[in-house]
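Please open the structure in your viewer and keep the selection tool at hand. The stops below say what to select next and what is there.

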Amino acid sequence: MDDRSPDQPDTGRIVPPESVPPISAEDLVDGDHPSQDREERRYPSTIGGAFYLLVLAVTVAGLAVASLSDWRIGIRIVGGALIFAAAVRTVPGPRDAGMLAVRHKALDVAVLVALGAALIFLTTSIPDQPGL
C-alpha cells in the first residue's frame, strides 16, 4: 500500500541521468532555453574531447613502450603527446576545447609545452648507466 499523497514525489525511485536532457550552463547564462527537440548527445561531445582521448591513447602507448621496451623512446612519445596537446589547445575556442581546457588557454599551453619539453630534454640528457 502506498500512503503518499499524489503530489508527493516518489523518493524511493532512482531516475538515471540519461533521462535528464543535457543543459549547458553557458546556454543558461546566455539566456537560451533548451528545446525539447534536442538531438542525441554524442561522446565525446567536443572536438577538444576527441583530441583529449587521442592524447590519452598516445600517452598510454608511450607508457607501454617505456615499460616493455626502451624507456627513452616511451617517454619521448609521452612528451610528444603533451606538446601535441598544447598545439591542439591553441586552436579551439573555450566551448570546443573539451577536457583539454583546464585553466586559461595560455596557462594550459604553457604547462603542456613545459612538461612535454622537460620530458624530452630529460630523456636526451640522462646518461646511460652501465650495468643496469
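Predicted model: local features only at pLDDT ≥ 70, side-chain atom pairs only at ≥ 80, totals over all residues.

pLDDT is the predictor's confidence in each residue, on a scale from 0 to 100. Residues are numbered from 1 along each chain as its sequence is written, and side-chain values use heavy atoms, with hydrogens and water left out.

Confidence is lowest in helix α1 (residues 25-30), with a mean of 60, and highest in α3, with 94; helices here are DSSP runs of H or I with at least four residues, numbered from the N terminus.

Now select α3, residues 71-89, whose 19 residues reach 27 Å from the first C-alpha to the last, close to the 27 Å expected at 1.5 Å a residue (the expected span being 1.5 Å times one less than the number of residues).

Among the buried residues of α3 are Val78, Leu82 and Ala85, where buried means under 20% relative accessible area, exposed over 50% and partly exposed in between, with a 1.4 Å probe and protein chains only. The buried residues of α3 pack against α2 (47-68) and α4 (105-125).

Next, select phenylalanine 84, which lies in helix α3. Is phenylalanine 84 buried or partly exposed? Phenylalanine 84 counts as partly exposed because its relative accessibility is 36%.

Notes
Helix = DSSP H or I, 4+ residues; strand = E, 2+ residues; numbered from the N terminus. Contact = heavy atoms within 4.5 Å.
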